[in-house]
Each structure stands twice: as structure tokens, then as C-alpha cells.
Amino acid sequence: MIINSIKRRTLLGAGLAGASVLAMPSVLRAQDRSLKVGVYGGYFKDSFDKNIFPEFTKASGIAIESVAEPTGEAWLVQLEQAARAGQAPADVSMMSQVAMLKGQATDLWTPIDMAKIKNGSNLIERFVNKYPDGRIAGIGAVSWYITLVTNTDSYKEAPTSWEAFWDPANADKLGLLALVSNSFLLEVTAKTFMGGTNALDTEEGILKAFEKLAEVKPNVRLWYRDEAQFEQALKSGEIPMGQYYHDVTGLAAADGHPVRSTFPKEGGIQDSGCWAVSRASQKVEEAHIFIDYMCQPAVQATLSRKVGTSPTVKRESTDLTDKEFAGVSSDIEPIVPRYDLYQTKSDWLNQKWTELIVG
Amino acid sequence: MRREPPRTLADYLPLFFPAGMLTIFFVVPFGTMIAVSFFQRQQGGFYTPAFVYDNYARFLSAFFGGVLGFSLMLAITVALCCVVLALPFTYLLTRMSRRVQVVWLVALLSVLSLSEVIIGFAWSTLFSRTAGITNILVALGLMGEAKALTPSFAAVLTGMVYQAFPYTVLVLFPALVRLDPTLTEAARTLGASPLRAFFTVVVPALRNTITATLIMVFIFALGSYLLPQLLGRPQHWTLSVLITDQAIYQSNMPFAAAMAVFLVLVTLGLVALTVLAGRRGEAA
């Protein structure tokens, strides 16, 4: 009995030692040039793995190890905690704008040297994310739209305005994003009913927007954190209307599902992801080569065609046809989120928001 | 077999391993959490080491009180439902043949292998309007038209009871197997019906086991955060959901830690009360 238990403990000890070796990738890191790149898990990552990364490896000789990252701020927390311990779960990550700003506050992002980004001149200015002192924190990777989506079986006619969310006829039919900082519904409310997102400049304005937004509550069936949950319900018609990503909805429609994405007359919500380098990364050189590669108009055009994202480089520089461009974007002036609010007032907004939907 | 009190250091040696494990995997992480709960939150960033009460102050509001109250109520309801269902079930199970017992236990264990995500999605499909069980009722002519049963409190409760039920059975099983069958036989010979024998003999004999099971399921249910999200409306979100929101999405570790510490303290307090009440009942 005693011998047995000692054996088990030895085994446990060996197991622990083994686990800790595995937890230190530096020991196992190969000598070849490689780069760990974080992209949103699921369809996004699959598409990058298939269409983008192999081409990059062919062109540069740098092997890519793609890491599936959770949406936005969950990954930010992991990157930050890891960086405090000197680890980088990914060297380069695709980060949302709110996450970029929060990371800036702790100097999480290694500044990018634009001299090494030859293709940087193609970028649209607002997709270059800068520290307050002018250093460059991140470079636009892709941009995407959150639009008004509907199930075509339940809604024969596409809605034309975000006002549809407030329509009493849609009681218990909506699926909306559950967080203030990723649903951007305050901006939608301000643009639709208050003349523009400038209405959110003051706390009174924000409270007024919250008040208006509270009227939507009876129409909401699902406040989702997990995209798959809503996507499934939208396809089956269980939850026939809501806000969702234009690119993924387009792909689902192309697969034959009865869904459609509409740019409302007030505009779709335009959000974007940046490539950012963790300060714990040892591969700054390779990261620059990767980011430079991704800024090429040809690569951006491939992304639009294969992933359905909107380019972060000037449209003229790409060879996208009008039809292709219309598929991933719209001429209607977009609703640009008030990212500044999610940094300066984040806790207050979060508290008010939680009270609004939970209360 | 006579037990001798441990005398030498070597006699205490077997204790060091569990003590070490407990320290590494519980005391240290919990200590870190308590420390973080007093740190200063940097809005729009992370946190800096400090000693402030802000995080606890923010929690002490009617809003969070309501959420905490709901979480406790939900966990208690799940615990009660589980025990009420599992006790007669397990009792009948122990009276069956070995073969049947094994089949049932393997089936229950296989439920344990399902992740919370799968359980949540499966129930949300079963409760949906488009593919759910109401469609069967419509086909049978029992209902006018199919309707969605989720999101609702009943859906959350069903999902959580389903998830905790196997644990409940597995905890109750050994005690019920060991229960001396002559006790119920005596009751039957004295003229008690099977039902009466169950309630006046089996249940009181197992009082401590039942209390322990209630506490275990309660604590298990308290940590649930996925099922309330998948099957409930926002007003059915537990404190664990809000803790996750703060930790994962708002990167507000100090506030998340403060909420978690508060939740642990309230839980320990409730458990202590239950144990104390149980002892007093025994003494009387």
C-alpha cells in the first residue's frame, strides 16, 4: 500500500515537471524563424490559415503558428497577464479598437517602426492606432461592419432603419450583443434618434441615450456574448432579427441559409482590428515583416474576397471591383464607435449598462 | 482494529502531501485573490497594487445585493430540487439488482462527461420554438402552436438540475447502499407502508448525508455561469456571470476579485449556519 502510494506520488511529480516544461514554450522553441499570430478563433482563423498564412510563409520564409483568440477584451486580459510574467501567448494579435486603447494604458504594445512598414503608405489614416504621444501602437488589419440582420423567412422585406429595434411589433425577436463596449448600441441610439454620436459628449446625453435604449429591452430575446449562439438562432429563425457581423452573415447567406445583412439608412457600425505586438514578444523583427506583408493592397483584396472584411488600405490601391467592394462595405456613412468613451468612462458605462439590461 | 494517536513526526508525514496540495492549489490562489480585491483599479487599463476599499464599496449596492440574492436563491432551489429528485431515485436504485445499478451509474457518469456548453446548447435546442419539445406536443394535438420555453427561469433551473443530478446521486449512493435494510424491514413488520417507512426511517437516518449533499449541490450550483447565460434572461444572470464580465471583458480584476471574495464569504457563512443548525438539531 505504502509502496503503491509512493509510486503514485512519484508519478504525479513527474507529471507536474512534465507539465511545467510544456508551459515554457521558450525551451521548446525551434530555431527556425517563426511567429505566433493571434486571430479570432473559428471562421476567421480557418480562413487566415487557408488563404493568407501559407502565402506569407512562402514569401518570407517565416513559419506562422496561428493562435485562436477570443473576441476583444478577453484576449487583452490574457496578453496583459502573460506580459507581466514575461510571456507572449502570441507575438502579433488582431485587436479591437477598445482593446487597443486599454492596452495602450499599460504600454502593452511594442511601438511599430513605420520605416519598416513599406506598404504603410496605402493605409487609411484612421486605421493607424497611435499612443497619445504619437508612437504607433497598431496597424489596421481588417475592418468590418456590424449591421442589421434578419431571417428572410420571417421578414420578407428587409428593414431599412435601426428603428426596427424599437418597433413594438418585434417584441421578443431580437438578438443583441451583451456588452456596452462591443454592441455600440449607444452610438446607434444617438445616430438614430439624437442626431449623431456627438450627443454622447456629455453624461446627460449618454443617460438620455440609455433611457431611449431601455425601450428596446422588451424586444430582446437574447443578449449574446457568444456569436455562435446568435448565429445559430438567426439561421433557424428562432431569433429572427438582431445585430451581427456583415461578413459572417454574408457567408452564411452564400451557404444558402435564409439570412440577410442590411446597411440601415443611418449606417452600419464600422469597427476594425489592428495588428499589435505584445511587449513580451521577442520577435519584433518578424512581426514587422508580417505586418508589412498584410498591408499590401493585394493581400487586403484577398481578405475582402475570402474573409469578407473591408480593406484598411485606400480603395483605389486595391483591384476590388465595385461589386466586390459593395459586398464588404457600403457608401452610407458608417457609425464610427466612440472608442474614447470606453476608455475614459468605461466603468461608469459598464455599470449603467449592466443595470439597464439586468435590472 | 485499534487506532493509535500519531506520536512521531513520521506519523504525521502522510498529512504533508494533502496539506501541500491544499496550500498550492487553494490557499495561495485565494490569498492572491484577496490581495487583488484591495488593489486600485486603473480605468481603461489594469490595476496597481494598493490597499483601497473602493471595490467592496462598489459592490455594496442594492443592485449587486439583488444579484447576490438571486444567485443564492437559484443555488438553493437547484440543491433542493436535486435532493428531492435524487433521494427516492437513489433509494430505489440501491434496491435493484447489481446489473441494473451498474447500467444506471454508467449512464449517470456519462452525463458528467458532457461539458456545460453542450448541456446548455442541447437544452436551448430542446426548449426552442423551431426545434423544441413543444413541436411534439403540437403534433400530439396537446398544444395549439409551438412556442419557445427559453429564455426563462424554468429553463435555467432545468438545465442546472440536469447538470447537478448525477453528482447528487453519486454522493447519496454510498450512504444509501450502506443503510441497514433491517431498519426498513422492522418498520414494515411494525405495519408501516413503504412510503411511510421511507419518510420516517430512511430519511431521518440519512439526515447528515442529506445535509452534506444539499451543501455540495448548493456550492456546485453557485459557481454556474454558463447555463444562466444560455438559458436565461439577463435578470437570471448569477453573480458568477457578472464576475466573469468584470474579469474577462472589463479587465477589472480588483472588482471581480472583491465580488468573488464576497461570494465565498457568504457561501462559507451559509454552510457554517447549516452545519451549526444540524448539530443543534442533533443535540436536541
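Trainee: Which residue stands opposite A:Val92 in strand 10 of chain A?

Mentor: In this predicted model, A:Val92 stands opposite A:Val277.

Trainee: What makes strand 3 and strand 10 of chain A a pair?

Mentor: Pairing needs at least two bridges between the strands. Strand 3 and strand 10 (residues 269–277) of chain A have five bridges, in the antiparallel sense. They therefore count as paired.

Trainee: How do you know that strand 1 of chain A is joined to strand 3 of chain A?

Mentor: Two bridges join strand 1 (residues 34–40) to strand 3, and these strands run parallel. The cut-off is at least two bridges, so the strands pair. In strand 3, A:Ser93 stands opposite A:Gly38.

Trainee: Why is strand 3 of chain A called mostly covered?

Mentor: Five of the five residues in strand 3 (residues 92–96) are buried. A:Val92, A:Met94 and A:Ser96 point one way, A:Ser93 and A:Met95 point the other way, and all are buried. Buried means that 20 or more other C-beta atoms lie within 10 Å of the residue's own.

Trainee: Which residues of helix 5 of chain B make the contact?

Mentor: B:Glu116, B:Ile119, B:Gly120 and B:Trp123 do, against residues of helix 7 of chain B including B:Tyr162.

Technical notes
Residues are numbered from 1 along each chain as its sequence is written. Chains are lettered from A and ligands numbered from 1 in the order in which they are written. This is a predicted model: local features need pLDDT of at least 70, side-chain atom pairs count only at pLDDT 80 or more; totals for chains, interfaces and linings use all residues. A residue is buried if 20 or more other C-beta atoms lie within 10 Å of its own, exposed if 12 or fewer, and partly exposed in between; C-beta atoms are placed from the backbone. Helices (H or I, at least four residues) and strands (E, at least two) are DSSP runs, numbered from the N terminus. Two residues are in contact if their C-beta atoms, placed from the backbone, lie within 7 Å.
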